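Hi there,

Here is the model I promised to pass on. Please have a look, and then read on for what turned up in it.

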Amino acid sequence: MIEIKGKQPVSRRELGVERSEKPGAEGRRERFAPGVENGGRLPTITKADLISQRESGGRQSVAGVHRDALLAGREGSSMSAASVSDPSAIGGQASVSAPPALYEINLRVLLFELGRELGRPATLDDIPDAYLDRVASLGCDWIWLLGIWQTGAHGDRLARTHAGVGRELKETLADLTAADIASSPFAVQQLRVHTAYGDAAGLARLRARLQARGLKLMLDFVPNHTAVDHPWASAHPEYFVQGSREDLARQPDAYVEVQTAVGPKILAHGRDPYFPAWTDTLQLNYRHAGLRAAQTAELLRLATLCDGLRCDMAMLLLPEVIDKTWSQASLPADGTAPVDRPFWEEVIPKLKAKAPGFTLMAEVYWDLEWQIQQQGFDFAYDKRLYDRLHTHDAHGVRQHLKASMAFQRRLARFLENHDEPRAAARFTPAEQRAAAVITFLSAGLKLLHEGQLEGRKARVPMQLVRRPQEAADKTLADFYRDLFRCVRRDEVSRGHFQLLDCVPAWDGNPTADHFVSFTWRTKSGRQLLCTVNYGDTAAQCYAQLPFSELRGRRHVLRDLMSPATYERDGDELVARGLYLDLPAWGFHVFEMRPVGENAVP
């Protein structure tokens, strides 16, 4: 039994402070995705779904829903981290393979809502096939189940008793009760399925049901820290950053006394270099060879349970970040020689060798995305694009989209996730639609957050089991249905991306700077032209189309997001450009084809 002593003040993570406040960043989970088959109406889980699911043991057939999961392939590059300080400054375009779409689900909230319908606690086996069908029908390739691992009593107790946490949770859920509160899922006690959710066999059954729909399973890996009551704290205190009694007295919010198998030890709480410690966690020490070996074994085991991992705060393991955060405190406490090789560079090749095709997505900030990609990650969070969209920086967005495709195709792009405010709360409806066209029709992984498509506005703090009820926004759901039909088109899946220049429509008109315009073109000549007025006033410009194949014919421009259709002369398009006049936050997604050729459904 681990005994914890000392005062433990609340951390910013417990309070849900957004990471966008961190120095180095630029500024820095919903119910069912609308399926194509239901015309974008809000899908619901019915009593019949639940009864059928229970009677079938969670293995209903899914005729008509099978399809291949299309993952973005790794693209080699001659650039190195040492030679590239800012990938956004690198020009170039390239063809890309089909970009994956990932659907993030807050598992504990989902199971609570299923349990309320069932009249008993729900487990992984109770997730209805109809739910999975609806996610697949949207066009997603992955489901990310947030918060599947075992948390501990210490985290539960801290979440339920700290006044600061309670205030934030009460603001989110007016009728809050103690039963609505649990440990943060990022304070992991053991990397096994939470006993309340099922077991490893139940996870395997769920994974098989996902595979039957062409869906892959992503789970969490929290590499930087563990729960305070993790078994390693007692059995292997040498795996953690340690301090002295003087450290504890001087920084009682950064250290804690733990009774271990070899006596009392002062262990550091997990943290990053910019914010106070996360007091429900203990800081792992990646300069310790034994810890590295243990974490490598854990990762290799996790690769047998899922198809990919989202690695929390992955940049905290970079040697320079460890040094900035901990300096000499990170020397192994047991006197063993420190190891300073980058952990990710060491472990990812082993992981890929054991599980070819295994996918790793890094949560990363501070402009370290390129560096973390070079260490072997398939995808890295694109917080830079999100921040520029939030600040309405159309010029900054264009500069970001000039980056090499070797960089862009391995970014995970989003308008919200469990850490950020809900898109419907942060953006106006018109702003969100414009930002979504840019985010999800540019290159890279498309990260959708459960509830985003239906317009949920309440961000759910990680200590909440239950969330407030909210009405669905059918108009927004219809928009996302239409947008993801565009995302799934062959031009975007397999085409060549090119950012377009936009020039003033007449002298003295500065609004051309509001436009973000780009095309996707296939080798067969099919073309999708996306253009957004990312500004709060009407804007006009000529979008430059330097494509000689347009000459000599008239072309139809059919807007896939509205009933609008136009016909333009190809010679004029090449010579002068496409004239655009859009209202604030207006956009078009044009299918371009020569007059006389059939439209593509």
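**Cores, sheet and rings**

The largest nonpolar core has 133 residues, and those with the most contacts inside it are Ile127, Leu309, Trp344, Met361, Leu441, Tyr480 and Tyr534. By nonpolar core I mean a set of buried Ala, Val, Leu, Ile, Met, Phe, Trp, Tyr and Cys residues joined through side-chain atoms within 4.5 Å. Buried stands for under 20% relative accessible area, exposed for over 50%, and partly exposed for what is in between (1.4 Å probe, protein chains only). Apart from this core lies another, of 18 residues, with Leu500, Cys541, Leu545 and Leu580 among them.

A word on the basis: this is a predicted model, where local features need pLDDT of at least 70 and side-chain atom pairs count only at pLDDT 80 or more, while totals for chains, interfaces and linings use all residues. Residues are numbered from 1 along each chain as its sequence is written, and side-chain values use heavy atoms, with hydrogens and water left out.

Of the 601 residues of the protein, 62% count as buried.

The protein has 21 helices and 24 strands; these are DSSP runs numbered from the N terminus (helices H or I, at least four residues; strands E, at least two). An open sheet of six strands has the order 16-18-19-24-21-22 with antiparallel pairing, where two strands pair if DSSP finds at least two bridges between them. Strand 16 (496-499) and strand 22 (565-569) are its edges, each pairing on one side only. Inside the sheet, strand 19 (residues 527-533) and strand 24 (residues 587-594) run antiparallel and are joined by six bridges. Gln527 stands opposite Met592 in strand 24.

Rings of Phe, Tyr and Trp (its six-membered ring) pair if their centres lie within 6.5 Å; planes under 30 degrees apart are stacked, over 60 edge-to-face and the rest tilted. Phe440 and Phe484 make a tilted pair, 5.5 Å centre to centre with 50 degrees between the planes. This pair links distant parts of the chain, with Phe440 in helix 18 (residues 429-441) and Phe484 in helix 19 (residues 474-487), 44 residues apart. Phe440 counts as buried because its relative accessibility is 0%, and Phe484 is buried at 0% too. Phe440, Phe479, Tyr480, Phe484 and Phe587 form one aromatic cluster.

Best wishes
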